[in-house]
Structure formats: structure tokens, C-alpha cells
Amino acid sequence: TEILQQFGGAEFIKGQPPDIVAARIGQLYGNLDHAHGFYEGNSRTLREFTRELASEAGFTLDWVRTGIGTKERNELYVARDLAVLERAYPDLTPEKAMQTSDRAEYEAFFVIEGLRRVVTNKSLTAIIRGALERGAAAQEAELAASTGAAPQGADGKSGMTYEERIEARAEE
């Protein structure tokens, strides 16, 4: 729960540029995957959770784009593994790896370096950014703000919440 509290919820990313949102969601995904909350299903759960979080903040996070084929799925898993290892072994340098008496830390250095070579520009944040779009409502609100017009709902009633539109229809 500390990880989620530090993140701040959907309100924290609502209205932010997609690059910032992707970075924040990527950081959250890595932190939650490092916490490894479930024995099985962590990746599936995290993809659905981050998709819902993005949606609540006015974005569409289309994980299908990242897992269409084996290559894309493997890129996601390698980037995820790198993010998890970087959290498990923060600030691991060659010097620190050579001086440690912890075999796992020593070996982690070489795994991390190998994953970094494979990942190159396909970091977890980059993969999420490639799958992230502003939702239609957010795009509409941005357009309205840039033109000075009030945002229109699907029924043409400006600036109304879903509940207000339902009430207005009932009154018509």
C-alpha cells in the first residue's frame, strides 16, 4: 500500500503529458512488480491494474500493442525484469559488484548489464509510452480548452457529468 500511496492515484497523472504519465506508470509498474504481490499472475494483474488506472486518468493504455507477437511480449518481459532488478539492486556499480561478498548481488550485476544491452531503447517506460494515448474525453477537453469552447458530451450537453446528463435526459 505504501507504493500506491506514494504514487498518488489517477488524479496525480490526470491532465499530465503522455510522456510524464508513461514514466509514472512505468515506475509504478516496476515498483509493484518488484513487490511481487501474488504467487502467480503478477504481470497480468499489473497490466490490467495500470490499464484501469490510465483509463481513470483519461488515457487509453492498450497492452495489446505490446503483446501482439512473441517479439513484443519478450521486449515487455525483458524491460520488466530489468526494472525489477534495478529496484532490487539500486546503484549497483561494477566496483560494488566486485567488492561484495553477496553472490546474488555479484551475479545480479551481470544480469542487469546483459538486460540493459538487450533493452536499449525499449525500457518499460518506452513500451508503456508506445501503448498510451489520451482518451477521447481528454482529447476533447484539451481541444475545447485550446479553442475556448466548453467540452461537449456525447449528447451535446456542454460540461455536464455523466450523472447530470442522465438527469437531464430524464427531465426531457
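The model is a prediction, in which local features need pLDDT of at least 70 and side-chain atom pairs count only at pLDDT 80 or more, while totals for chains, interfaces and linings use all residues. Residues are numbered from 1 along each chain as its sequence is written, and side-chain values use heavy atoms, with hydrogens and water left out.

The secondary structure of the chain comes to 10 helices and two strands, where helices (H or I, at least four residues) and strands (E, at least two) are DSSP runs numbered from the N terminus. Read from the N terminus, the order of the elements is α-α-α-α-β-α-α-α-α-β-α-α. Of the 172 residues in the chain, 32% are buried; here buried means under 20% relative accessible area, exposed means over 50%, and partly exposed lies in between, with a 1.4 Å probe and protein chains only. Among contacts (heavy atoms within 4.5 Å) between residues at least 6 apart in sequence, 62% join residues at least 24 apart.

Helix α3 (residues 18-35) packs with helix α4 (residues 42-56) at an angle of about 150 degrees, and the two axes are 11 Å apart. Axes are lines fitted to C-alpha atoms, for helices over the stretch in contact, and angles run from 0 to 180 degrees between N-to-C directions. Angles under 35 degrees count as roughly parallel, over 145 as roughly antiparallel, 65 to 115 as roughly perpendicular and the rest as oblique; α3 and α4 are therefore roughly antiparallel to each other. Their crossing is right-handed, a crossing being left-handed if the near helix is turned anticlockwise from the far one by less than a right angle, and right-handed if clockwise. On the α3 side, I25, L28, Y29, L32 and D33 meet N42, S43, L46, R47, F49, T50, L53 and A54 of α4.

Helix α3 also packs with helix α8 (residues 124-131), at an angle of about 130 degrees and with the axes 8 Å apart, and these two helices are therefore oblique to each other. The crossing of α3 and α8 is right-handed. The contact is formed by P18, D19, A22, A23, I25, G26, Y29 and G30 of α3 together with L124, T125, I128 and R129 of α8. Within α3, A22 counts as buried at 0% relative accessibility. When residues up to four places away in sequence are not counted, A22 touches T125, I128, R129 and L132. The C-alpha atoms of A22 and A131 are 9.0 Å apart in space, although the two residues are 109 residues apart in sequence.

A further packing pair is formed by α5 and α7, which meet at an angle of about 145 degrees with their axes 10 Å apart, and α5 passes α7 in a left-handed crossing. The residues that make this contact are V78, A79, D81, L82, L85 and E86 of α5 and V111, I112, L115, R116, V118 and V119 of α7.

In helix α7 (residues 103-119) lies E105, which counts as buried at 13% relative accessibility. The side chains of E105 and T100 are joined by a polar contact of 2.5 Å, where a polar contact is a pair of N or O atoms within 3.5 Å; within protein, one atom must be able to donate a hydrogen and the other to accept it, and residues adjacent in sequence count only if both atoms are side-chain atoms. Leaving aside residues up to four places away in sequence, E105 touches Y89, L92, K96 and T100. In the loop between α5 (70-88) and α6 (94-99), D91 has a positive phi of about 60 degrees although it is not a glycine, and D91 is exposed, with a relative accessible area of 68%.

Rings of Phe, Tyr and Trp (its six-membered ring) pair if their centres lie within 6.5 Å, with planes under 30 degrees apart counted as stacked, over 60 as edge-to-face and the rest as tilted. By this rule there are four aromatic pairs. The rings of F7 and F12 have centres 6.5 Å apart and planes at 65 degrees, so this pair is edge-to-face; F7 is buried, with a relative accessible area of 5%, whereas F12 counts as partly exposed at 46% relative accessibility. The rings of F109 and F110 have centres 5.2 Å apart and planes at 80 degrees, so this pair is edge-to-face. F109 is buried, with a relative accessible area of 9%, while F110, at 40% relative accessibility, counts as partly exposed. Ring pairs link F109 and F110 with Y106 into a cluster.
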